[in-house]
Amino acid sequence: MGKVVVVTSGKGGVGKTTSTAALGAAVAKTGKKVALVDFDVGLRNLDLIMGAERRVVFDLVNVIQGTAKLSQALIRDKRVETLFLLPASQTRDKDALTEEGVGEVIDKLRSVFDYVFCDSPAGIERGAQLAMRFADEAVIVTNPEVSSVRDSDRIIGLLDARTMRAEQGEQIAKHVLVTRYDAARAARGEMLSIDDVLEILSVPLLGIIPESQDVLRASNLGAPVTLSEPLNTAAKAYLDAARRLEGEDLPVVVPFERKGFLDRLLGRRAA
Amino acid sequence: MTFAAPLEAKSIRFRARSFVAFTLTPEAPMAEWLQGLDHWIGNSPGYFAGRPVLLDLNVLKPQPSEIAALVAELGTRGIRIYAIELEGASLGPDLPPLLVGAKEATTDGLLPGRKGADKARAEVSDKAEQPEGSAGKGRAENGKADSGRIGEGKAGASKAGESEPQVSHYDSGTLMIKAPIRSGQAIMHPHGDVIVLGSVASGSEIVAAGSIHVYGTLRGRASAGALGNTSARIFCRRNEAELLSVDGWYITAEEMEGVSRGKPVQAFLDGDKLRVETLS
């Protein structure tokens, strides 16, 4: 039986979809069978980041409503053999999802795949609650800023109250993934420190992804950064996070600003 | 021609329901009292949204015409009065109904093992509302009459979704919470002390009849002695609270600024004053 991981956050724009794609691709590269499910019905972003938007024929809503088979809707990634995508519908809204339907689809996926990553929509509404409903684990994506952390705290509360596991009295494993971490700004005290984030959320840290232009570029080119530029620092951070998600015990290194140091060196040289 | 066929007699259920509500006790001079109320609302906007509020006029004893003006005045502040307490009064149909047979809430057996979170709304009185402190007791209402209004209050209360207060199911004693309390959660414990081993996030709320002990950082609101226990205290390892209150006397984050922020503190009543002292 595969593991169902929901990638969620309270606030929008923190990097859920990017992280879903990057983590999913990283896990799939190790040979595990991975499905990425886009729950952001009505918006459809994951297929763009995966570079599969022109291959979408059927989607999650079709599968739930029975107009397409799961095997028809799943898109196999062209780069990684074991990576699949179940896209969201852009023409429907989130009311097209039913709890029973989502449960059935997740159960089917769980029996076939080693990992099922659910890319949740932002917020605490129905869409987000359905995405987390059947999850075994949760990756809470947060930026090192107060509003994002506060909303993440709210989401963790929901994860502990509204998921199937929680209702059966079990624990849902939770991880915090800090994204868009800017070492220079953190050093200047303009961002929350990692310690602050962890102290507020009291959930174990999965990884710290540094803010990087390359991530955005990779997303716009339709390739998760862990596939397109695996040597990039952000990609490395995602690869490490994926290994931790699989249970490996890797220490998390807080990125620091090398540039400032180099700049200072260069500056001296110039003087 | 249409005749109404005799309906299959389906009995209508009338159920008694008791719950805890806020009580506002206005006092003369009214202008001053309203000013105090405005100040408090300014500190906690939206605090009264969707909450049923009782109006206790036994202190003020106004004329019926003044009551209408007062209800309207409170209405402009978003406070919805659903019943009025005034001994021996008869009110017009345009006013909220008179509350009869209400009992003051006590900790013994009035709220036994409440399962539905939608019923009990524990109240936090505060000094702006009730300058006498002693008036700030929870009132339970045995809801036989005014079902319409109660329904209205409940509808407002139940749309809060998962942030619905989690009323503890224990009949007595201490409630121990081993997990952190998350933003948006509310813990109501009308039976005794609350011990939180983790932190209390900002945007969350603890209301306890007894004392509150937080072994992590307290960032949310904590109201101890909410049903009138003046000897209740709040303890925390690190005070970043939005509001601390004991038996309705409260202190907000701004007033604590500098003196006790970020420190281990206890808050307790010293006469009619809420004191926050650092624990050494």
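A:Arg180 lies in strand E7 (residues 173-181) of chain A, where strands (E, at least two residues) and helices (H or I, at least four) are DSSP runs numbered from the N terminus. The model is a predicted one, in which local features need pLDDT of at least 70, side-chain atom pairs count only at pLDDT 80 or more, and totals for chains, interfaces and linings use all residues. Residues are numbered from 1 along each chain as its sequence is written, chains are lettered from A and ligands numbered from 1 in the order in which they are written, and side-chain values use heavy atoms, with hydrogens and water left out.

Although A:Arg180 is not a glycine, its phi is positive, at about 55 degrees. With a relative accessibility of 40%, A:Arg180 counts as partly exposed; that class falls between buried (under 20% relative accessible area) and exposed (over 50%), with a 1.4 Å probe and protein chains only. B:Lys61 sits in the loop between strand E2 (53-56) and helix H2 (64-75) of chain B. For orientation, most residues other than glycine have a negative phi, and most peptide bonds are trans. Against that background, the peptide bond from B:Ala28 to B:Pro29 is cis, with omega near -5 degrees. B:Pro29 is placed in the loop that runs between strand E1 (19-24) and helix H1 (30-43) of chain B.

Turning to chain B as a whole, its secondary structure comprises four helices and 17 strands. Of its 280 residues, 52% are buried. Where contacts (heavy atoms within 4.5 Å) in chain B link residues at least 6 apart in sequence, 46% join residues at least 24 apart. The accessible surface of chain B, from the Shrake-Rupley method with a 1.4 Å probe, is about 13,200 Å², and carbon and sulfur atoms account for 53% of it.

Chain B also contains an open sheet of six strands with mixed pairing, in the order E7-E9-E11-E13-E16-E17; two strands pair if DSSP finds at least two bridges between them. Strand E7 (175-177) and strand E17 (273-278) of chain B each have a single partner strand and stand at the edges, so one side of each is left without a neighbour in the sheet. Within the sheet, strand E13 (residues 234-239) and strand E16 (residues 265-270) of chain B pair in the antiparallel sense over three bridges. B:Ile234 has B:Ala267 as its bridge partner in E16(B).
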